[in-house]
Amino acid sequence: MGRLVGKHALITGGTSGIGLETARQFLAEGATVAITGRSSEGLDSAKRDLGGDVLAIRSEAGDLAGQRELATLLRENWPKVDVLYANAGDVTHRPLRDWDEAAFDTLMATNLKGPFFLIQVLLPLFANPASIILCGSVAAHIGLPQSSAYAASKAGLLSLSRTLSGELKDRGIRVNGLSPGPTETPALGKLGLEDEAEEALRREIRSLVPIGRMGTPLEVAKAAVFLASDESGFVVGTELLVDGGVGNL
Ligand SMILES: NC(=O)c1ccc[n+]([C@@H]2O[C@H](COP(=O)([O-])OP(=O)(O)OC[C@H]3O[C@@H](n4cnc5c(N)ncnc54)[C@H](OP(=O)(O)O)[C@@H]3O)[C@@H](O)[C@H]2O)c1
């Protein structure tokens, strides 16, 4: 029997890469799934790709009013939320000198403020038990050049897995971080690099990984299934690194 049968799972940023593959795995395990994204084309294409009754919702992860609308929509469609995977992320990397306040605020809103308030507005809807998975990054643990704002946002998000687990445990809500290392997704192609520069970056990234390759969205999605399911019922307030050894070797 599927490991997520009877569970309602919301995945933010579920139209591409890790989020899309996680939606596919959650469905295969029997969950009812909703995904978000900003682009209508992305949502349509993910819906076609996933088939079935996926609820595809246009929503900007960094917009607080949008998070409230998302919660209202779920309340109208679902009896409860068993799983939240806050996966949508702004992956902007740039040298310190090139950051301005607007870009910094947008990144922090998407990666930290938005997920924080999404959890707040979903509180009345969360089932008991429920699992919240926060998408971190191994970048939070290493000193990769140009990752300053991104890594700080992910470190903040990962901190919430501890503090909110402490605060919500009596409501039966577990919060854990899931931190990928370099993973083959369309994200790299969105940096606006020429083909050659993108390939050079990919080579550089690969060389950072002790096991010598990038991860796949499926490898991260399988870890998300574990954290979403009751199999991980004793896993609370921690972080699962799925990173080919980057953070520890
Ligand atoms: N790939 C890696 O190497 C890697 C490593 C460590 C951590 N991560 C983390 O993994 C997560 C997913 O990354 P990915 O590589 O799978 O990226 P991806 O393939 O580019 O997919 C990103 C998804 O998030 C959505 N999204 C982006 N910004 C959003 C926003 N502001 N509001 C709502 N939705 C938004 C995108 O849809 P729209 O564009 O339509 O909004 C898309 O569905 C991110 O949090 C990233 O930081 C990735």
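This is a predicted model: local features need pLDDT of at least 70, side-chain atom pairs count only at pLDDT 80 or more; totals for chains, interfaces and linings use all residues.
Residues are numbered from 1 along each chain as its sequence is written. Helices (H or I, at least four residues) and strands (E, at least two) are DSSP runs, numbered from the N terminus.

**The sheet**

- Seven strands form an open sheet with parallel pairing, in the order E3-E2-E1-E4-E5-E6-E7; two strands pair if DSSP finds at least two bridges between them.
- Strand E3 (55-58) and strand E7 (239-242) stand at the edges with a single partner strand each, so one side of each has no neighbour in the sheet.
- Direction ignored, neighbouring strands of this sheet are turned by 20° against each other on average; axes are lines fitted to C-alpha atoms, for helices over the stretch in contact, and angles run from 0 to 180 degrees between N-to-C directions.
- In general, strands of a sheet pair through backbone hydrogen bonds, either parallel or antiparallel.

- Strand E1 (residues 8-12) is joined to E2 by four bridges, and the two run parallel.
- Across this pairing, Ala9 stands opposite Val33 in E2, and Ile11 stands opposite Ile35 in E2.
- Five of the five residues of E1 are buried, so E1 is largely enclosed by the rest of the structure.

**Helix packing**

- The axes of helix H3 (residues 64-77) and helix H4 (residues 101-122) come within 9 Å and cross at roughly 35°.
- The crossing of H3 past H4 is right-handed, a term used if the near helix is turned clockwise from the far one by less than a right angle, anticlockwise being left-handed.
- Leu64, Gln67, Arg68, Leu70 and Ala71 in H3 meet Gly114, Phe117, Leu118, Val121 and Leu122 in H4; contact requires C-beta atoms, placed from the backbone, within 7 Å.
- By class, the contact of H3 with H4 has seven nonpolar, two polar and one charged residues (Ala, Val, Leu, Ile, Met, Phe, Trp, Tyr, Cys and Pro count as nonpolar, Asp, Glu, Lys and Arg as charged, and the others, Gly among them, as polar).
- Leu73, also in helix H3, is partly exposed, with 14 other C-beta atoms within 10 Å.
- The C-alpha atoms of Leu73 and Ile57 are separated by 8.9 Å, although the two residues are 16 apart along the chain.

**Ligand surroundings**

- The ligand is surrounded by 32 residues, the closest being Gly13, Gly17, Arg38, Ala61 and Gly89; a residue is near a molecule if its C-beta atom, placed from the backbone, lies within 6 Å of it.
- Helix H1 (17-28) and strand E2 (32-37) each supply at least two residues of this shell, and the largest share, three residues, comes from H1.
- By class, the shell has nine nonpolar, 19 polar and four charged residues.

**Loops and backbone geometry**

- Asp98 lies in the loop between E4 and H4 and counts as exposed, with 9 C-beta neighbours inside 10 Å.
- Gln146 lies in the loop between E5 and helix H5 (148-168) and counts as partly exposed, with 14 C-beta neighbours inside 10 Å.
- Asp98 and Gln146 are 48 residues apart along the chain, and their C-alpha atoms are separated by 9.6 Å.
- Phi of Gln146 is near 75°, a positive value in a residue other than glycine.
- The peptide bond from Asn128 to Pro129 is cis, with omega near 10°, and Pro129 is found in strand E5.
- Most residues other than glycine have a negative phi, and most peptide bonds are trans.

Definitions and conventions. Two residues are in contact if their C-beta atoms, placed from the backbone, lie within 7 Å. A residue is buried if 20 or more other C-beta atoms lie within 10 Å of its own, exposed if 12 or fewer, and partly exposed in between; C-beta atoms are placed from the backbone.
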